[in-house]
Amino acid sequence: MFISRIEIRNWRNFNQAEADLRRRVFLLGPNAAGKSNLLDLFRFLGELARDGLRRSVERRGGIGPLRCLAARSVSDITITVILSNDDGPRWRYHLVFNRDAGTKAPVVKEEVVDRLGDPDAVVLNRPDAEDRADPLRRSQTALEQIIANRDFREVAEFFRAIDYLHLVPQVVRDPRGFSALPVHNDPFGRDFLQRVWSTQRRTRDARLRLIGDVLRSAVPQLQRLEIEQDPSDGTPHLIGHYEHWRPKAARQTEAQFSDGTLRLVGLLWALLDGDGPLLLEEPELSLHSEVVRSIPGLMLQLQQKAHQRKWRSARSQVLISTHSRELTSDPGIAPEEVLRLEPSHEGTRLLTPDAEDRALLATGLPVSEVILPRTRPPSLQLLLDADW
């Protein structure tokens, strides 16, 4: 399944916005338009299913920081998503929440789950009689409760499978230098090597071989990737074997990898390590411009090879925020895969390419030439056009 549509109200930058989504989505927009906040909306759904409403809201500072500054008559925060598969829409999940007037804790105002298709059915509709008899129930979503989500557990499991990745090479190399261990599923990479090492050996080795094969187009000297455990303290280390003028390949650990190589390994591993949506924030960081150009192709190549091997753990959807001209120059990016964020005093809008954009893209011009320039802030354009 994948998220095929979102409708949001009063979430951070977005007073009221909606958009249809594909299995691959490129989020483009100027600084402070809300790209990170839109990705965080999907993270929030994942955390709702894993950690619950209260913890997910508190982690973001409470209802106040979540509510859009442009909100006026309606202060409730609303999130609606449609989940689809290749046969069409399958589920609709709708959540409205706010702050309780007395306790100030987050409270569910509405929660609706619809099964879509043949036949359509309302699986959940809150508040219900039990909520009215026990108002404390509204401090939790049904999504986070095993008993309550029995009839739509597929939705809860899908949300739990949402992953966010913003791997920081320095954190991968020295996780203890940034915080106490252990951590679990850290998006910045504190437990990245441990996750790789803990994967079942046959699966782990097959993934590393595939990643090494795909990476050679970007890192030609790389022969293969392995992972080993330090016998002295049990710390896992990523090992790269590189060709050079000597007969035997040179060994390097993650401590000697370039930042770009580490980020690429992390990105490609994440594409194979799960089957839910993957959220990527500016994957172009630390990478040479020519390597950045190849990222969409590398991602597609890896997923195609995983599909050929009939691996189940291939991502159902990838959402990418980026400013990069190189990344969006890939001719394989379709207009339907692009979502442009346009800020205004009334909140950020979500825009798909219009008829003019599509006509230009149809001539062979890439997204980097047609849509990315439209994300340039007007004040910067005036500065660039000024006669000095």
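**A sheet and its helices**

Modeller: Happy to! Helices here are DSSP runs of H or I with at least four residues, strands are E runs of at least two, and both are numbered from the N terminus. Please keep in mind that this is a predicted model, with local features needing pLDDT of at least 70, side-chain atom pairs pLDDT 80 or more, and totals for chains, interfaces and linings using all residues. Residues are numbered from 1 along each chain as its sequence is written, and side-chain values use heavy atoms, without hydrogens and water.

The sheet under discussion is open and has three strands, ordered E9-E10-E11, with antiparallel pairing (at least two DSSP bridges between two strands). E9 (222-229) and E11 (250-253) are the edge strands, each pairing on one side only. On average, neighbouring strands are turned by 25 degrees against each other, direction ignored. Between E10 (residues 236-242) and E11 there are four bridges; Ile239, for instance, has Thr253 in E11 as its bridge partner.

Further along come H9 (residues 259-272) and H10 (residues 289-308), which pack at about 30 degrees with axes 10 Å apart. They are therefore roughly parallel (under 35 degrees). H9 brings Leu264, Leu267, Leu268, Leu271 and Leu272 to this contact, while the H10 residues include Val291, Ile295, Leu298 and Gln303.

Methods. Axes fitted to C-alpha atoms, helices over the stretch in contact; angles between N-to-C directions. Parallel < 35°, antiparallel > 145°, perpendicular 65-115°, else oblique. Contact = heavy atoms within 4.5 Å.
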